[in-house]
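Subject: Handing over the model

Hello,

Here is the structure I promised to pass on to you.

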Amino acid sequence: MNNLPFEQRILSEGVILRKFSSKTPESALVWHRDRQDRVVEVVHGKGWMIQKDSSIPVLLTVGSTFEIQAEEWHRIIKGNGDLIVKIVESKKKKADGMRSIRKGADSNPKVTRMDFLPDDVLDPL
């Protein structure tokens with residue numbers, strides 16, 4: 001089951017068309033961060049806004065674009081009707097500050113986050 005507040009279609013590698021329905025409850029539009037830098041273009045929507053951390057909400061207008069940096073807190077604020085955006089993601093994912101303890105652990109499906117240590121613990125070793 002999809003618990004995300006949107007539907008999306010992948011147009012090509014790193015390019016996504018995303019639709020937030022007018023039926024999406026406001027409570028589903030939560031503050032969050034993404035692991036990749038993104039450039040977002042508003043394709044359709046009226047009255048929807050984006051709010052970034054420590055900033056006031058900004059109205060999203062058709063044809064406008066905005067950037068979201070990796071790990072930047074942000075949220076969408078519901079407007080009228082549906083919101084459709086085109087998202088272009090950078091190819092580089094921001095590291096989560098963790099490295100595997102043993103070589104090859106990253107490709108092992110049985111390895112969990114418990115098998116990782118923060119960089120500041122591993123650096124002195």
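Below is what I found in it, going from the whole chain to single residues.

First, the ground rules. This is a predicted model, in which local features need pLDDT of at least 70 and side-chain atom pairs count only at pLDDT 80 or more, while totals for chains, interfaces and linings use all residues. Residues are numbered from 1 along each chain as its sequence is written, and side-chain values use heavy atoms, with hydrogens and water left out.

**The chain as a whole**

Read from the N terminus, the order is β-β-β-β-β-β-β-β-β-β-α. Of the 125 residues in the chain, 27% are buried. Here buried means under 20% relative accessible area, exposed means over 50%, and partly exposed is in between, with a 1.4 Å probe and protein chains only. Taking the contacts (heavy atoms within 4.5 Å) between residues at least 6 apart in sequence, 61% join residues at least 24 apart.

**The core**

A nonpolar core here is a set of buried Ala, Val, Leu, Ile, Met, Phe, Trp, Tyr and Cys residues joined through side-chain atoms within 4.5 Å. The largest one has 15 residues, and those with the most contacts inside it are F20, W48, L60, F66, L83 and V85. The elements that give two or more residues to this core are β2, β3, β6 and β8, and the largest share, three residues, comes from β8.

**The largest pocket**

A word on method: on a 1 Å grid over the protein atoms alone, a pocket is an open set of points where a 1.4 Å probe fits, with protein on both sides within 12 Å along at least five of seven lines, and lining residues have an atom within 4 Å of a point. Points are joined across faces, edges and corners, and the volume is the space filled by probe spheres set on them.

The largest pocket comes out at about 320 Å³. Its lining has 20 residues, and F6, R18, F20, H32 and I76 lie nearest the centre. Two or more lining residues come from each of β2 (15-20), β3 (36-46), β6 (65-68), β7 (74-77) and β8 (80-93), with β7 giving the most, three residues. By class the lining has 13 nonpolar, three polar and four charged residues.

E89 lies in strand β8 and is buried, at 17% relative accessible area. Its side chain makes a polar contact with the side chain of R38 at 2.6 Å. Beyond residues up to four places away in sequence, E89 touches G14, I16, Q36, D37 and R38.

T24 is in the loop between β2 and β3 and is buried too, at 7%. Its side chain reaches the backbone oxygen of P5 at 3.4 Å, and the backbone oxygen of S21 is 3.0 Å from a polar atom of the T24 side chain. P5 itself lies in the segment before β1 (7-12). P5 and L29 are 24 residues apart in sequence, yet 6.8 Å apart from C-alpha to C-alpha.

**Two backbone angles to look at**

Most residues other than glycine have a negative phi. S54, in the loop between β4 and β5, has a positive phi of about 60° and is exposed, at 75%. E71, in the loop between β6 and β7, has a positive phi of about 70° and is partly exposed, at 26%.

Enjoy looking around, and write back with any questions.

Best wishes

Methods
Helices (H or I, at least four residues) and strands (E, at least two) are DSSP runs, numbered from the N terminus. Ala, Val, Leu, Ile, Met, Phe, Trp, Tyr, Cys and Pro count as nonpolar, Asp, Glu, Lys and Arg as charged, and the others, Gly among them, as polar. A polar contact is a pair of N or O atoms within 3.5 Å; within protein, one must be able to donate a hydrogen and the other to accept it, and residues adjacent in sequence count only if both atoms are side-chain atoms.
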